[in-house]
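Reader: I have a structure to read and a list of terms to learn. Can we go through them one by one?
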Amino acid sequence: MRKITFKAVTKMLLFIVLFGIPTLVFSQQDSSYVGVQKPKSDFWRHVQFGGGFGLSMGNDFTNITVAPIAIYNFNEKFAFGTALQYSYINQENFYKSNVFGGSLIGLFNPIPQIQLSLELEEVNVSNTYQDFVGEFKDNFWYTGLYVGAGYRTNNVTLGFRYNLLFDKNIDLYGDAFMPFIRVFF
């Protein structure tokens with residue numbers, strides 16, 4: 001009988017230690033806020049999410065791009081954010097490319113309809129070329145510094161950007177000028 005009592009007491013103590021003490025610890029209130037409601041953060045009201053998605057397919061060609069973006073609006077004129085990017089391009093029996101990376105973007109709206117942007121992009125490019133001689137692989141990092149301007153209506157901006165670091169010898173993009181559409185929610 002003594003053995004059964006010892007087992008019961010041991011189980012009860014183990015139960016109290018495992019479940020009772022954490023409950024006591026986590027149920028304590030911060031005394032600085034007793035009777036006062038904690039102020040809520042205003043941070044998420046200023047954050048907007050958006051980005052781009054592209055899909056192109058045809059005659060042994062595939063191009064898929066996913067580019068999410070998040071910005072923080074400091075006020076009606078200034079915003080700053082970050083973006084990720086992934087692109088997969090495949091031309092059957094000729095070319096395959098994977099591009100991934102990120103960017104930092106600053107936005108300025110001098111008036112509600114005009115949006116100016118400055119963006120620093122850093123992406124890793126992995127290209128594979130195939131021809132009758134064989135296969136050639138090329139891996140490199142690509143940096144772009146873009147200035148842009150666009151027309152903005154509500155949460156959509158349509159415009160152009162120019163790569164200040166464009167190098168025609170690096171074949172990531174065909175031109176320094178690029179159109180864009182930005183959508184934020």
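Author: Start with the surface. The protein exposes about 13,500 Å², and carbon and sulfur atoms supply 65% of it. Accessible areas come from the Shrake-Rupley method with a 1.4 Å probe; for residues, only the protein chains shown count as cover. This is a predicted model: local features need pLDDT of at least 70, side-chain atom pairs count only at pLDDT 80 or more, and totals for chains, interfaces and linings use all residues. Residues are numbered from 1 along each chain as its sequence is written, and side-chain values use heavy atoms, without hydrogens and water.

Reader: Why does W141 count as exposed?

Author: Exposed means over 50% relative accessible area, buried under 20%, partly exposed in between (1.4 Å probe, protein chains only). W141 has 52% relative accessibility, so W141 counts as exposed. F100 has 42%, so F100 counts as partly exposed.

Reader: What makes the pair of Y95 and Y129 tilted?

Author: Rings of Phe, Tyr and Trp (its six-membered ring) pair if their centres lie within 6.5 Å; planes under 30 degrees apart count as stacked, over 60 as edge-to-face and the rest as tilted. Y95 and Y129 are 5.2 Å apart, centre to centre, with 45° between the planes. That makes the pair tilted.

Reader: Why is the pair of F100 and W141 called edge-to-face?

Author: Their ring centres are 6.4 Å apart and their planes stand at 75°, so the pair is edge-to-face.

Reader: What makes R161 sit over the ring of Y146?

Author: A charge sits over a ring if NZ of Lys or CZ of Arg is within 6 Å of the ring centre and within 35 degrees of the ring normal. The charged end of R161 is 3.8 Å from the ring centre of Y146.
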